[in-house]
Amino acid sequence: MNICEHCGSHLKMNSLDRIDLLLDTGTWHAMDENLNSLDPIEFHSEEDPYKDRLKEYQKITGFLEAIQTGTGLLHGLKVAIGFMDFQFMGGSMGSVVGEKITRLIEYAGKKGLPLILVCASGGARMQEGSLSLMQMAKISSALYNYQLNKKLLYISILTSPTTGGVTASFGMLGDIIIAEPDAYIAFAGKRVIEQTLNIIVPDGVQTSEYLFTKGLFDLIVPRYFLKYTLTELLKFHI
């Protein structure tokens, strides 16, 4: 489970490990695997061209983008679920990530399935400019229809790190919001705040334990108990 056996710290996990952690063996069915990022604003960097960077991360991770979406069984209960992968460009949210999440939400709405999104992201992808920011509105609009019109359940799981445009949109729109222990959760990161506002951000104020005391989410659940907690919540709502 990528948990330190001495101190209990929750280390980063990739999307494949999280699929194994949460879903029943052999029940994962991926959706929209072939959606591929382009270079919509022709972002140019002589040192690190966007297209080359995409190819590099695709080779490293074996995925075309920073999220896997699909369906599976969680203790026998069918769910629509998405797993962000921080190993792919810091889990950044570009047009394809936004499109895959939106399609997953719409599919869950049509099939009447509960929705789970596991967040791990540095935020909107700067290489796609304002198009990446538009994904925040697109996903939020789809969730509005899913939650308020169709009256279906959306559970958001915040892992370390969850920041930027993901925190500012679907990360915080869950009917139930769960965080992992000691997860780094913020809108703007510590370094950005300090450099922009010229102030010191106290240690620990962007961790899940501190934010929980401020009412930012509902539960802090260690990985040992996450699947069982989700099962109880799903049974209660279904």
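## Strand S6 and its partners

Two bridges tie S6 to strand S7 (residues 219–220), and the two run parallel. Strands here are DSSP runs (E, at least two residues) and helices are DSSP runs too (H or I, at least four), numbered from the N terminus. Two strands count as paired if DSSP finds at least two bridges between them. We're looking at a predicted model, where local features need pLDDT of at least 70, side-chain atom pairs count only at pLDDT 80 or more, and totals for chains, interfaces and linings use all residues. Residues are numbered from 1 along each chain as its sequence is written, and side-chain values use heavy atoms, with hydrogens and water left out.

On another side of the story, S6 also pairs with strand S5 (residues 154–162), in the parallel sense and over four bridges. Which way do the side chains of S6 (residues 176–179) point? Ile176 and Ile178 go one way, Ile177 and Ala179 go the other, and all are buried. Buried means under 20% relative accessible area, while exposed means over 50% and partly exposed lies in between (1.4 Å probe, protein chains only).

## The whole sheet

Now zoom out. Strands of a sheet pair through backbone hydrogen bonds, either parallel or antiparallel. In this model, seven strands make an open sheet in the order S1-S2-S3-S4-S5-S6-S7, with mixed pairing. S1 and S7 are the edge strands, as each pairs on one side only.

S2 is largely enclosed by the rest of the structure, because seven of its eight residues are buried. Strand S1 (residues 29–31) runs antiparallel to S2, joined to it by three bridges, and His29 stands opposite Thr71 in S2. One of the bridge pairs is Leu74 with Leu77 in S3. The hairpin of S2 and S3 has two residues between the strands, and His75 takes a positive phi near 50 degrees there.

## A closer look at Gln68

Gln68 belongs to S2 (residues 67–74). Is Gln68 buried or exposed? Gln68 counts as buried because its relative accessibility is 10%. The side chain of Gln68 makes a polar contact of 2.8 Å with the side chain of Ser15. A polar contact is a pair of N or O atoms within 3.5 Å; within protein, one must be able to donate a hydrogen and the other to accept it, and residues adjacent in sequence count only if both atoms are side-chain atoms.

Leaving aside neighbours within four places in sequence, Gln68 is also in contact (heavy atoms within 4.5 Å) with residues including Leu16, Trp28, Phe63 and Lys100.

## Pocket and cavity

Both kinds of space are found on a 1 Å grid over the protein atoms alone: a cavity is a set of points where a 1.4 Å probe fits but cannot get out, a pocket is an open set with protein on both sides within 12 Å along at least five of seven lines, and lining residues have an atom within 4 Å of a point. The largest pocket holds about 320 Å³ of space, a volume being the space filled by probe spheres set on the points. Helix H6 (residues 190–197) gives the most to its lining, with three residues. Tyr184, Phe187 and Lys190 are among the lining residues of the pocket.

The largest cavity has about 40 Å³ of space, and residues around it include Lys12, Met13 and Thr159.
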